[in-house]
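Thank you all for coming.

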Amino acid sequence: MIRVLLAEDQHVIRSALAALLGLEEDLEVVATAESGEAALAAALVHRPDVAVLDIDMPGRLDGLAAAAELRTRLPACRALMLTAYGKPGHLRRALGAGVAGYVLKTAPPDELVAAIRKVAAGERVLDPSLAVTAWDLSDNPLTPREADVLRLAASGADAADIAGRLHLAAGTVRNYLTGIVTKLNARNRTDAVRIATEAGWI
């Protein structure tokens, strides 16, 4: 029996996927979660074999950040990313986080089930439609700290809020933001958020 954790922020999709996976004789959904933080907490309690994680989830940890945490704290659990978008930056982050699989939400249900089985068996899975994207991965110019700062800026936090959450001085945050705008050749902070989001860097 393959123990599966399912993390997806949209309740209808999460419930439908859980019901779908529950029809398989060799799969057992041991927990569901609506955020990266909840997924990590549930994984540490239920110790699944495979964590199926949506990339775009609200909160401090998106699916990719949760996958990276799982790799460190629960190495036996293999992560399978599920996403609506095949952004090159997301794919690069996924590979960097050591995920075992990457499947689009538009894939037929039997492909998702097959991917879970393969990941559980120690194989790696990449959605066939992303093969070309994998050849065209551009390097993320942002450091992990710059990505953290820009991700919080994208959520609407101002320099003081970002400073408090990342334990930095407000002036340091402003310097980071100025450097990010320059590095991305953006017009302003909003443009930098757009560029980084479209590329999948944040």
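This is a predicted model: local features need pLDDT of at least 70, side-chain atom pairs count only at pLDDT 80 or more; totals for chains, interfaces and linings use all residues.

Is Leu40 buried or exposed? Leu40 is buried, because its relative accessible area is 7%, where buried means under 20% relative accessible area and exposed over 50%, with partly exposed in between, using a 1.4 Å probe and protein chains only. Residues are numbered from 1 along each chain as its sequence is written, and side-chain values use heavy atoms, with hydrogens and water left out.

Leu40 sits in helix 2; helices here are DSSP runs of H or I of at least four residues, and strands are runs of E of at least two, numbered from the N terminus. Not counting residues up to four places away in sequence, Leu40 touches Leu61, Glu69, Leu70 and Arg73, contact meaning heavy atoms within 4.5 Å. The buried residues of helix 2, which spans residues 36-46, are Gly36, Ala39, Leu40, Ala42 and Ala43, and they pack against strand 1 (2-7), strand 2 (27-33), strand 3 (50-54) and helix 3. After helix 2 comes Arg47, with a positive phi near 50 degrees.

Let me turn to a pair of helices. The axes of helix 8 (residues 159-166) and helix 9 (residues 170-183) come within 8 Å and cross at roughly 110 degrees, the axes being lines fitted to C-alpha atoms over the stretch in contact, with angles from 0 to 180 degrees between N-to-C directions. Helix 8 is therefore roughly perpendicular to helix 9, since angles of 65 to 115 degrees count as roughly perpendicular, under 35 as roughly parallel, over 145 as roughly antiparallel and the rest as oblique. On the helix 8 side the contact is made by Ala159, Ile162 and Ala163, and on the helix 9 side by Ala170, Val173 and Arg174.

Finally, the largest pocket holds about 1,000 Å³ of space, a pocket being an open set of points on a 1 Å grid over the protein atoms alone, with protein on both sides within 12 Å along at least five of seven lines, and lining residues having an atom within 4 Å of a point. Of its 34 lining residues, the closest to the centre are Arg60, Asp62, Arg93, Asp148 and Arg151. Helix 7 gives the most to this lining, with six residues.

Definitions and conventions. On a 1 Å grid over the protein atoms alone, a cavity is a set of points where a 1.4 Å probe fits but cannot get out, and a pocket is an open set with protein on both sides within 12 Å along at least five of seven lines; lining residues have an atom within 4 Å of a point. Grid points are joined across faces, edges and corners, and a volume is the space filled by probe spheres set on the points.
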